[in-house]
Amino acid sequence: MLDLVPVSEGMTRSAAFDETRTLAAQVDRLGYERLWVAEHHGSTTFMASATSVILGDLAHHTSGIRLGSGGVMLPNHAPLMVAEYYGTLATLYGDRFDLGIGRAPGTDPMTAAALRRGNPDLNGFASDVVAIIDLLGDARSLPGGVRAIPGEETRVPVWMLGSSTGGAQVAAGLGLPYSFASHFAPQQIREALAVYRDGFDASVRTAQIEQPRVMAGVNVLIADTRAEAERRFTTSQQMRVHLRTGQLGPLLPPVDDLSTVLPEGALEFAGRPDGPATIVGTAEQVRDGLQGFVDDYELDEVIVTTYTYDPAHRRESYDALAQVWGLTARD
């Protein structure tokens with residue numbers, strides 16, 4: 001599952017962290033494989049700017065689920081710092097962390113500039129990823145004697161993220177698993193997965209897997225009836241419009257009719273409950289839709305994200321999905 005520490009209208013920012021902490025403990029017990037947190041900056045909707053700090057907190061409240069970045073937006077960070085942060089987490093808590101890396105800044109241009117790093121081209125980005133892999137690998141230094149301490153020899157698994165063919169090329173060329181962000185940018189999924197699978201090279205020294213491994217994102221929301229699930233999904237639809245139009249703010253309550261709360265012409269940006277990489281309905285409907293998505297793109301893993309105004313509804317949705325998907329609960 002993917003979490004961004006969302007804030008609902010009327011909720012304090014501290015309470016948003018409490019809700020994510022509670023949810024993390026729940027999905028750990030339910031048997032979910034991974035919980036990733038996505039880096040966002042300058043957002044009043046999501047509190048996930050300091051991703052590694054959040055993951056350290058969640059590690060205190062979980063025991064079996066893998067925790068990871070979905071991802072670290074590399075234009076904002078020096079490779080050494082990334083290796084130190086995630087190497088520290090692995091040193092403190094053991095082999096429970098994944099390092100998902102992306103090329104986007106995860107914010108607006110002004111905030112990106114304030115983060116004080118550039119936006120490297122594809123070759124520069126790939127070089128930074130290689131540096132991180134090297135720093136987390138055998139105890140050896142980069143040019144100039146640079147070492148990630150702690151970090152070296154922790155071998156935190158690296159995933160490449162992407163919403164286009166660029167990330168797919170890097171993942172294939174470096175022999176890394178690939179996670180496609182179809183939950184918000186499904187347009188190029190088929191093309192990107194073909195680029196990744198066709199170009200995958202397991203012989204390079206950076207390779208971490210022997211054959212392509214693909215994850216893709218899906219928006220999911222389960223309720224007792226399809227009508228109620230679609231009503232709750234209007235919170236996500238309002239959020240999409242506000243993000244698209246630069247109207248940042250907390251998650252808003254669901255409504256019976258979107259046209260009463262969105263300006264004319266904005267509905268086209270809201271997305272549909274049956275749109276690409278979006279599955280909303282009863283548990284059985286979502287299960288069948290997810291299975292179709294997995295089969296269609298021949299996925300090894302699926303990563304789901306759920307937005308609801310009421311955090312209890314989010315927990316209910318993840319619980320229902322675990323039951324209908326047949327996850328094995330942890331003790």
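Me: Hi! Which residues lie nearest the centre of the second largest pocket?
Reply: Hello! In this predicted model, Tyr-32, Glu-33, Val-302, Trp-325 and Leu-327 lie nearest its centre, out of 17 residues that line the second largest pocket.

Me: What volume does the second largest pocket have?
Reply: Its volume is about 360 Å³.

Me: And which helices and strands supply at least two residues of that lining?
Reply: Helix 9 (283-297), strand 9 (301-305) and helix 10 (311-325) each do. Strand 9 has the largest share, with 4 residues.

Me: How does the lining of the second largest pocket split by class?
Reply: There are 12 nonpolar residues, 1 polar and 4 charged in the lining of the second largest pocket.

Me: OK, now the largest pocket. How much space lies in it?
Reply: About 1,400 Å³. The largest pocket is lined by 48 residues, and the closest to its centre are His-40, Ala-181, His-183, Phe-184 and Leu-243.

Me: Which element gives the most to that lining?
Reply: That would be helix 8, with 4 residues in the lining of the largest pocket. Helix 8 spans 226-244, and the other elements that each supply at least two residues are strand 3 (66-73), strand 5 (158-162), strand 6 (178-180) and strand 7 (214-222).

Me: What about the classes there?
Reply: The lining of the largest pocket divides into 20 nonpolar, 22 polar and 6 charged residues.

Me: Switching to helices. You mentioned helix 10, so how is it placed against helix 1?
Reply: The axes of helix 1 and helix 10 come within 10 Å and cross at roughly 10 degrees. Angles under 35 degrees count as roughly parallel, so helix 1 and helix 10 are roughly parallel to each other. Their crossing is right-handed.

Me: Which residues make the contact?
Reply: From helix 1 you have Glu-19, Thr-20, Thr-22, Leu-23, Gln-26, Val-27 and Leu-30. From helix 10 come Pro-311, Arg-314, Arg-315, Tyr-318, Asp-319, Ala-322 and Gln-323. By class, the contact of helix 1 with helix 10 has 6 nonpolar, 4 polar and 4 charged residues.

Me: And how do helix 1 and helix 2 cross?
Reply: Helix 1 (residues 13-30) and helix 2 (residues 51-60) have axes that come within 9 Å and cross at roughly 50 degrees. The two helices are therefore oblique to each other, and this crossing is right-handed.

Me: Who meets whom between helix 1 and helix 2?
Reply: Phe-17, Thr-20, Arg-21 and Ala-24 of helix 1 meet Ile-54, Asp-57 and Leu-58 of helix 2. That contact has 4 nonpolar, 1 polar and 2 charged residues.

Me: Last topic, the backbone. Where are there cis peptide bonds?
Reply: One runs from Gly-70 to Gly-71, with omega near 10 degrees, and Gly-71 has its place in strand 3. Another joins Ile-149 and Pro-150, with omega about -10 degrees. Pro-150 is in the loop between helix 5 (122-136) and strand 5.

Me: Why point those out?
Reply: Because most peptide bonds are trans.

Me: Which residues have a positive phi without being glycine?
Reply: Glu-153 is one of them, with phi about 75 degrees. Glu-153 lies in the loop between helix 5 and strand 5. Ala-277 is another, with phi near 55 degrees, and Ala-277 is in the loop between helix 8 and strand 8 (278-281).

Methods. Residues numbered from 1 in each chain as written. Predicted model: local features only at pLDDT ≥ 70, side-chain atom pairs only at ≥ 80, totals over all residues. Heavy atoms only, no water. Axes fitted to C-alpha atoms, helices over the stretch in contact; angles between N-to-C directions. Parallel < 35°, antiparallel > 145°, perpendicular 65-115°, else oblique. Left-handed = near helix turned anticlockwise from the far one by under 90°. Contact = heavy atoms within 4.5 Å. Nonpolar A, V, L, I, M, F, W, Y, C, P; charged D, E, K, R; others polar. 1 Å grid on protein atoms, 1.4 Å probe; cavity = no way out; pocket = protein on both sides within 12 Å on 5 of 7 lines; lining within 4 Å. Points joined across faces, edges and corners; volume = space filled by probe spheres on them.
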